[in-house]
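Dear colleague,

Please find below the structure that I am handing over to you. My findings follow directly after it.

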Amino acid sequence: MKFFDLSRLHFPFLFIALLSTFSGLAQQASVKGALAESTTSAPLAYASVRVLQLPDNKLVGGALTDENGRFSVAVPFGTFVAEIEFIGFETIKTPEFTLSAAHAQHDLGTVRLAASSTALDEVQVTAEKSTMTLSLDKKVFNVGKDLANSGGNATDILTNIPSVSVDPEGTVKLRGSDNVRILIDGKPSGLVSFKGSSGLQQLQASMIERVEIITNPSARYEAEGSAGIINIILKKDQKQGFNGSIEGIAGNPTNFGASANLNYRHRKINFFINYGISYRDSPGSGALTQERTSGDTTYLLRQTTTSGFQGLNNNVRGGLDYFFSENNILTASMLWRRSDARRLTDIRYEDFLSTLDNPLGYTLRQQDETEDEPNSEYSVVYKRKFGGQGHELTAETKYLNYWEHSDQSFPQRTFANDGTEDPGKATFQKSINDEYENQYLIQVDYVRPVGKDGKFETGLRSSFRDMVNDYVVTEKNVDGSFSVVPGLDNYFIYKENINGAYVIYGNKHRKFSWQAGIRAEHTDVNTILRETDVENPRNYFNFFPSLHLTYELPKNNAIQWSYSRRVRRPVYNDLSPFSTFTDSRNFWSGNPDLDPEYSDVVELGHILYMGKGSLSSSVYFRHTVDKIDRIRRVDAAGNATTRPENLRAENALGIEFTTGYSPKKWWKLDMNFNFFHADIDGSNIETNYQATTYSWFARATSKFLLPRNFDFQIRGNYEAPQKTTQGSRKALCFFDLAASKDILRNKGTLTLNVSDLFNSRKWRTVTEGENFRTESTFQWRRRQVNLTFNYRINQGKPAVKKAAEE
């Protein structure tokens, strides 16, 4: 196993940037306060607070509000105003205040934000809402302000977020790792279940408010996901009266949809409902070439695939908040989703002996699948706020129900070089696949302030999950009857019970703050193959500590060091032994003998607040044992199987920069750059399954606020080549383009966007084994053009674009 030679990584520029911020110490004062919604008094977490020194409005400090809406910013002596920005509200400025040796701390009290500019007291509109809010431990993305998201789905949104990538199978990766935990409103969801993160393609973008990225979570969060957590927050409002929005979508390839997000608040009751319907036709294509050796003979395969997926998706989310008082709230909600789809895939196999000049014939195979997927989730949340800011109890119970019925047929015909069919090799197979899931979740969290700046947190979480897959493949006989294909009839049962508890304590001394926590989780997993009577129980108990140390630096800087231990448990798809049957030469399955992988993650982060934006930088290291990766093998008949295996270890070291910057009032830039080095050791499987890779990816978005309520946006994405356990992934580059205009007295917005402008987003890989070499190219989605119309009801005007008009 190789270890890092830091001298080869050439990172001194980052450390110089981080350490140089310790210089320039000056006399320090502070400004503190809290942020709350005006009608409900609900705290507003992760709002951006900037302190500007008068008279030149120079930025001297900044912070994000915590979960309880509180903030504290260290600043020098002088006269200032505070600028507060939060997603869904207009940016405001407070009255000016002065800090001196005699008055070194200023308390803004509770700043209450109203729904529109007419309700604001002693504040003024300054700019439009931010697309991205950066902090040391979390990045928040307001997806509604990103024009490229219009008309898309949740997967499209994640594709547009810095540090996140999505492969052709819908697998979501964070900083290059697919070991990421995806949550909906902070909890697991049926949308990420049997199909993994690919189920997010069925959730419309118009139902999503924001996305939170947490790269090194504390013990407060469940330990799943070594790369971090992606938390998708759905839309919900609590403004008094009736408000909302409606949206219509039309696109090419076929993409039609409509949605409505409505809210009604009257005194103690708040109703909310979101509905979305969409119909999409998603064409795709792929090509594969494989060279296989057997003794002194070489066999060649050239395979082409064309596919079409037509899906009708319905999503309904509704619920109500009942305010016994402003400090005593009960919320009940439900999410119902149904997807009805048809997938048609045509595959052509061309076989050759030794060279492409010696063809052996070709085979045609088709997959015709229909599937139905209803999914429902029900949640009840009780929140109690006690005397003293930040002292609260939250309890939730949640139930998830999911099932899928898939009916597939696979006709296959074989031909000689001259096109003559061989009837003896023709087959017709059918597959019936029924999947069921029931999950119960109970969670209690308690937070209590201790002293002036201390905070104690504790909580319990239990989840109980039962999943079943009833799977059978049959083949047509000569007499027209069907018989079961041997080995392809079974009933797979997956039972998972996870119980966890955590304790966290944090405090602050002057500029230094710390938070230490530990989480204990007991996992009980059992898989059963009923027909063959094979049972595989797993039972383990683990501690997951976390530590976060933060130091506030002068001149608009802060630095944080953090550590956490994380786990990736094999889930249903990783363990299910059933193979996919679409492709008769390439099979994918799970591995019932898979073990969990464990990671120790260390991160050093720095944030700099500038007058025209902010810059977040970090160095991260991740040591993983029993790393889970997919391994491909090809047998003597040329059939390939791919399934997850435990590798010995992986060490990954990287640096990341993310910035939001406005060179001009009418021009906004969001940029992300990530460079990483990884040593992969799979020598426990094959001695040559070891790889050392350097890779990087970058994303830049440029948005222009133009006169007459026009916006224009362009984004470029690049992922450099990367070595893998068995080969490599080639470079990927694509561009998105979008424009919008506010109409109907700023109550409506028309948006035109083009995803993958040059149709270049193609996934290309090379995989090598002892007796084969495979090269593949796949494009799971072609260039997409969408036109979206959004109409806002009683939501006030969008943030003023004074700069563009000036």
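I begin with Trp667, which has a relative accessible area of 26% and is therefore partly exposed. Please bear in mind throughout that this is a predicted model. Trp666 is likewise partly exposed, because its relative accessible area is 35%.

Aromatic residues

Across the whole structure, a search finds 23 aromatic pairs. One of them is edge-to-face: Phe492 and Phe578 have their ring centres 6.2 Å apart, with 75° between the planes. This pair links distant parts of the chain, since Phe492 belongs to strand β25 (residues 482-509) and Phe578 to the loop between α3 (572-575) and β29 (586-588), 86 residues apart. Both Phe492 and Phe578 are buried. The rings of Trp666 and Trp667 are arranged in another way: their centres are 6.1 Å apart and their planes meet at 15°, so this pair is stacked. Phe492 and Phe578 also belong to one aromatic cluster, together with Tyr471, Tyr494 and Tyr572.

Two arginines are placed over aromatic rings. The charged end of Arg530 sits over the ring of Tyr491, 3.6 Å from its centre. Arg265 lies over the face of Phe323, at 4.1 Å from the ring centre.

The chain as a whole

The protein chain contains four helices and 44 strands. Of its 806 residues, 54% are buried. Among contacts with a separation of 6 or more, 67% are between residues 24 or more positions apart.

Nonpolar cores

Which residues have the most contacts inside the largest nonpolar core? They are Leu158, Ile208, Val211, Ile230 and Ile232, in a core of 24 residues. At least two residues of this core come from each of α2 (154-159), β11 (164-166), β12 (172-174), β13 (180-184), β14 (208-214) and β15 (228-234). A second, separate core has 21 residues, including Val49, Phe80, Ala82 and Ile92. To return to Ile230, its contacts beyond four places in sequence include Leu158, Val164, Val172, Val180, Ile182, Leu183, Val211 and Ile213. Arg181 and Glu212 are also among the contacts of Ile230.

Strand β2 and its partners

Strand β2 (residues 48-53) is mostly covered, with five of its six residues buried. It pairs with strand β3 (residues 58-64) in the antiparallel sense over six bridges, and Gln53 stands opposite Lys58 in β3. The hairpin of β2 and β3 has four residues between the strands, and Asn57 takes a positive phi near 55° there. Pro55 is found in the loop between β2 and β3, and the peptide bond from Leu54 to Pro55 is cis, with omega near 15°. Strand β2 also pairs with strand β5 (residues 78-85), again in the antiparallel sense over six bridges. In that pairing, Leu52 stands opposite Val81.

Backbone details elsewhere

Another cis peptide bond joins Asn252 and Pro253, with omega at about 0°. Pro253 lies in the loop between β16 (241-252) and β17 (255-266).

Asn746 has a phi near 70°, a positive value in a residue other than glycine. Asn746 is in the loop between β40 (732-743) and β41 (748-755) and is buried, because its relative accessible area is 18%. Asp756 has a positive phi as well, near 55°. Its place is in the loop between β41 and β42 (763-769). With a relative accessible area of 4%, Asp756 is therefore buried.

Two further buried residues

Pro162 is found in the loop between α2 and β11. Is Pro162 buried or exposed? At 10% relative accessibility, Pro162 counts as buried. Not counting residues up to four places away in sequence, Pro162 touches Phe141, Asn672 and Arg699.

Ser376 is found in strand β21 (residues 359-385). Ser376 counts as buried because its relative accessibility is 8%. Leaving aside neighbours within four places in sequence, Ser376 is in contact with Leu335, Trp336, Tyr399, Leu400 and Asn401.

Yours sincerely

Methods:
Residues are numbered from 1 along each chain as its sequence is written. This is a predicted model: local features need pLDDT of at least 70, side-chain atom pairs count only at pLDDT 80 or more; totals for chains, interfaces and linings use all residues. Side-chain values use heavy atoms; hydrogens and water are left out. Buried means under 20% relative accessible area, exposed over 50%, partly exposed in between (1.4 Å probe, protein chains only). Contact means heavy atoms within 4.5 Å. A nonpolar core is a set of buried Ala, Val, Leu, Ile, Met, Phe, Trp, Tyr and Cys residues joined through side-chain atoms within 4.5 Å. Rings of Phe, Tyr and Trp (its six-membered ring) pair if their centres lie within 6.5 Å; planes under 30 degrees apart count as stacked, over 60 as edge-to-face and the rest as tilted. A charge sits over a ring if NZ of Lys or CZ of Arg is within 6 Å of the ring centre and within 35 degrees of the ring normal. Two strands pair if DSSP finds at least two bridges between them.
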